[in-house]
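Thanks for coming. Please look at the screen for a moment, and then I will go through a few features one by one.

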Amino acid sequence: MTDRILKVGLFGIGLSTYWPQFEGLEDRLTGYVGQMAEKLGRPDIEVVNLGLIDTAEAAYDAGHRFREADVDIIFLHVTTYALSSTVLPVVRRARVPVVILNLQPAAAIEYRSFNALGDRTRMTGDWLAHCGACPVPEIANVFRRSGVAFHQITGMLNGDPHVDREIGDWIDAARVAHVMAHNRLGLMGRYYNGMLDIYSDLTAQAAAFGTHIEIVEIDELARLRRETTEAEVELCLEKIRSEFDIQPDCDPAELHRAAHTAVALRKLAEQKKLGSLAYYYESVAGHEYEDLIASVIVGCSLLTAEGIPVAGEYEIKNAQAMKIMDTFGAGGSFTEYYAMDFNEDVVLMGHDGPGHIRVAEGKTKIRPLKVYHGKVGSGVSVEMSVRHGPVTLLSVIEREGRVILLCAEGQSVPGPVLEIGNTNSRYRFDVGARRFVEDWNAQGPAHHCAVGVGHIAGKIAKLGELLGLQVVQVC
């Protein structure tokens, strides 16, 4: 897909009747909208600021301008009382999610100095500069009656951490929705036989997120590996040595094989313009493809760390979850239940294959494995724990024809893990290990999920609202 930046629409509303009545009010309110434009500004987004809309005619024009600009989300800054007819035409034409900013310029009117003004016209003008809350019920009423979904942020224009946090979260959620809508998810190989829970409806995924599904052939990867030069492999080996903690019992020949495949994987992702990948393959003993698929773990871990998350076992839904988490900046490492520790009230979770080395606790180890359990071949694998501290788990569920987002917040905690050459972490949840497992399972997810650092369930909830997807948080 071509690179497109997130476009955020902004407009304020006012009532043109007020301007000749109250000197300076229009300029004052326009200034509020300008302050909001600065607050929304980020290096990687474009703010389309249409200023103050104060008539129905201007509203119709604004709707066309937002649509022509192809904005992803609109922030409606309610600066004073305004007619709902100055709002509805804008959002109906634009047809993107809208967040109502119900913001005052200060925490409260300074009553003593206000009442001492002595000029009731001046007093009314000053009051009108503070009465943004007044038309919000009218706007909400019209939106509900018109079938327009909306969201609200209530507070102060400046110096309000809640407002700043909510605005940031909505922008982050809009960015994730934008990235997912332009993402190319590569699928290579086939499903793991018998894992009925991971079989996916590709059309449902494309409809829910806008994702483009690109089927890629392992033949292409094999060809790219055959064409790789020794100089390219040596450069990749240097990167591997800098990024990983290579254990002394690793065979240099196996590291070379892993680097050789990693170069080919990078080329495949670049040529197909992939933003994520799900894969699984077996082939037959001694075939080139078996050798290939048994040496992808390190290369897939490097791709994952560089913003192209890779899910094993052809777990398409979890490739989506990993991409969401990574776009939020939380990571998104492939994981599943490993065991439960009832003595410590923790759940052990991890997975064989790729890991997200950018969210590891310390440097990710590379270990040799004589057997990949349940899979073909042998070679080197990665071993890591997710960084200690707050974490969020995310699963993309397909259920009864719907796509659902399931999440949970917990803690990655220190303690002994299984040193078996896999990703492996210990997670503690406020509701306890038993309750978490039962509540999570009750939602019917696949047995894989994505885990990332930080508590971002609130952002995931906003993403669900933007995409019209149900979000379930179990803890």
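A term to start with: a residue is buried if its relative accessible area is under 20%, exposed if it is over 50%, and partly exposed in between, using a 1.4 Å probe and protein chains only. The areas themselves come from the Shrake-Rupley method, also with a 1.4 Å probe, and for residues only the protein chains shown count as cover.

This is a predicted model, so local features need pLDDT of at least 70 and side-chain atom pairs count only at pLDDT 80 or more, while totals for chains, interfaces and linings use all residues. Residues are numbered from 1 along each chain as its sequence is written, and side-chain values use heavy atoms, with hydrogens and water left out.

Now the overall picture. The chain has 475 residues, and 56% of them count as buried. The C-alpha trace spans about 90 × 50 × 45 Å along its principal axes. There are 16 helices and 19 strands; these are DSSP runs numbered from the N terminus, with helices being H or I of at least four residues and strands being E of at least two.

Next, the cysteines. How many disulfides does a search of the whole structure find? It finds zero, where a disulfide means a pair of cysteine sulfur atoms within 2.5 Å. For Cys-134, the nearest cysteine sulfur is that of Cys-131, 5.1 Å away. Cys-134 counts as partly exposed because its relative accessibility is 45%. Cys-475 is in no disulfide either, and its nearest cysteine sulfur, that of Cys-407, is 8.7 Å away. Is Cys-475 buried or exposed? Its relative accessibility is 18%, so Cys-475 counts as buried.

Two loops come next. Asp-345 lies in the loop between β11 (331-341) and β12 (346-351). Its phi is positive, about 60 degrees, although Asp-345 is not a glycine. At 32% relative accessibility, Asp-345 is partly exposed. Glu-400 lies in the loop between β15 (389-399) and β16 (402-412). Glu-400 is also a residue other than glycine with a positive phi, near 55 degrees. Its relative accessible area is 67%, so Glu-400 is exposed.

Last, Arg-67. This residue lies in helix α2 (residues 56-69). Arg-67 is partly exposed because its relative accessible area is 42%.

That is the end of my part.
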